[in-house]
Amino acid sequence: MKIIIKDNYDEVSLEAFRVMKEVLDAKKDAVLGLATGSTPIGLYQNMIKDHKENGTSYKDVKTFNLDEYVGIDRNHPESYYTFMHKNLFNEIDILEENVHLPYGNSKAECDAYEKSMEDVSVDIQVLGIGGNGHIGFNEPGTPFTETTHIVELQERTRKDNARFFNDNIDEVPTHAITMGIATIMKAKKVLLIATGENKADAVKAMIEDEPSVNCPASALQNHKDVVVILDKAAASKLK
Ligand code: PGA
């Protein structure tokens, strides 16, 4: 793992953009694995700015998102489909047919999503990390061998996300569809970004503990090209 520590969120976002831009510059039809959450918003803002100011084009780019809630419509204001369109896709020249997010509640839908990624192969997978060490919605205990699957969300994750649902945990969906850890590990490059003290324990377990299902992100120790970009608070518990 290559670990880069920056002073603050803006610098983390800029550094993450530099890593992303290298991939985009090397391959105009790059396949991007994308993530939702608060963390990658700054990265996406840098991508939008670069598209508008420098004309970087996404016409040949394909994207595959990590996960989506089960049980809410794609057009729900808090769906990840809505999030991605609002925070990135509507602001760049990507073609709608090249945008992919998992959707559904059945094994067949999971397998079809997995297959669609195998057909192209992800060049760079963007990840955040949960306070409990999850990547995508792979909660602690998820076997590293899982591919795209349906998960029940843990209480902590639903609490962390209640801020998007009127601060009411009862409105947060109980299940999600997510790429598995084995899916994520197939990406050629992984870019994980984490900021804030709330992530410090998970970051430490990801980097310094033996890989274990207790910290899903620790599986990344076995990936050959991972860049981790942290702010000082998220890095504060590292040796
Ligand atoms: P966050 O979520 O970026 O909103 O902190 C990260 C995650 O749970 O993966």
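**View 1. Gln 125 stands opposite Val 190 in β9.** The model is predicted, so local features need pLDDT of at least 70 and side-chain atom pairs count only at pLDDT 80 or more, while totals for chains, interfaces and linings use all residues. Residues are numbered from 1 along each chain as its sequence is written, and side-chain values use heavy atoms, without hydrogens and water. Strand β6 (residues 124-127) pairs with strand β9 (residues 189-194) in the parallel sense over 4 bridges. Strands are DSSP runs (E, at least two residues), numbered from the N terminus; two of them pair if DSSP finds at least two bridges between them.

**View 2. An open sheet of 7 strands shows parallel pairing.** Its order is β1-β10-β9-β6-β2-β3-β5. The edge strands β1 (2-6) and β5 (99-100) each pair on one side only.

**View 3. An open sheet of 3 strands has the order β4-β8-β7.** The pairing here is antiparallel. Because β4 (67-69) and β7 (149-152) each have a single partner strand, one side of each is left without a neighbour in the sheet. Between β7 and β8 (residues 175-178) there are 4 bridges, and Ile 150 has Ile 177 in β8 as its bridge partner.

**View 4. Residues around the ligand include Gly 37, Ser 38, Gly 128 and Arg 163.** Each has a heavy atom within 4 Å of the ligand. Polar side-chain atoms lie 2.4 Å from a ligand oxygen atom in Thr 39 and 2.7 Å from one in His 134. For Lys 199, an N or O atom of the side chain is 2.6 Å from an oxygen atom of the ligand.

How values were computed:
A polar contact is a pair of N or O atoms within 3.5 Å; within protein, one must be able to donate a hydrogen and the other to accept it, and residues adjacent in sequence count only if both atoms are side-chain atoms.
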